[in-house]
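Okay, thanks everyone, I'll keep this short. Have a look at the slide, and then I'll walk you through a few spots.

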Amino acid sequence: MTPHFKANHQKTRLLLVFGFTLLIAVCFQWYRGRFDQSATAEAKGKATVSDALFVGMRPAKPAEVRQVLPETATKPTLLVFSSRFCHDCQRLAPVINKLTAQHPKVVYRKLDVNDDQQKAPAIFRAFKPVSVPLMIFIAPGGEIQNALYNYQTPEVLAEALKTLEASGPLPSAPAKKVSR
């Protein structure tokens, strides 16, 4: 026999579930330091990208990005966080592979959140991805230019890669001559 609930019991349960979900979201944001006064004061300085961009990841600083991904110092980079269990990640993989082949100046790095956390813990500590798929477009010098979440159309990805590639590689420092 299935239990019969009155309408007001169902409404009460829905309100409790919604309230509990809201409480978890607020606690998570507090834990991540979103309500930290020092972070707000620091953000009033030079902000290069909107905070709305960083909903599913930690906004890593350019110096930190260059440290964990040395190739970002001189070349535009696409960093993709995905999972082998994620349907959207599996749908997006061939699209990204095709587009990155069309943009050879962009360094492509793909990390699986299930398998690669042990192999590249510094990258996961720097970005702390919360959702997958997550595509981070990093300009030369380590500045995050764009971040896209969930499944994106090939047109959106192509435009983001075109913009990233237009930022171009930074010129490498000329070799110094050693005089004897």
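Predicted model: local features only at pLDDT ≥ 70, side-chain atom pairs only at ≥ 80, totals over all residues.

Residues are numbered from 1 along each chain as its sequence is written, and side-chain values use heavy atoms, with hydrogens and water left out.

So, Val26: it counts as partly exposed because its relative accessibility is 42%. You'll find Val26 in helix α1, residues 7–31; helices here are DSSP runs of H or I, at least four residues, and strands are runs of E, at least two, numbered from the N terminus.

Now the rings. Which residues form the aromatic cluster? That's Phe81, Phe124 and Phe127. Rings of Phe, Tyr and Trp (its six-membered ring) pair if their centres lie within 6.5 Å; planes under 30 degrees apart are stacked, over 60 edge-to-face, the rest tilted. That rule gives two aromatic pairs. In one of them, Phe81 and Phe124 sit edge-to-face, 5.3 Å centre to centre with 65° between the planes. This pair links distant parts of the chain, Phe81 in strand β1 (77–82) and Phe124 in helix α5 (121–127), 43 residues apart. Both Phe81 and Phe124 are buried.

Last stop, Ala73, in the loop between α3 (62–68) and β1. With 29% relative accessibility, Ala73 is partly exposed. Ala73 and Gly142 are 69 residues apart in sequence, yet 5.8 Å apart in space, C-alpha to C-alpha.

Note on methods: Buried < 20%, exposed > 50% of the residue type's maximum accessible area, 1.4 Å probe, protein only.
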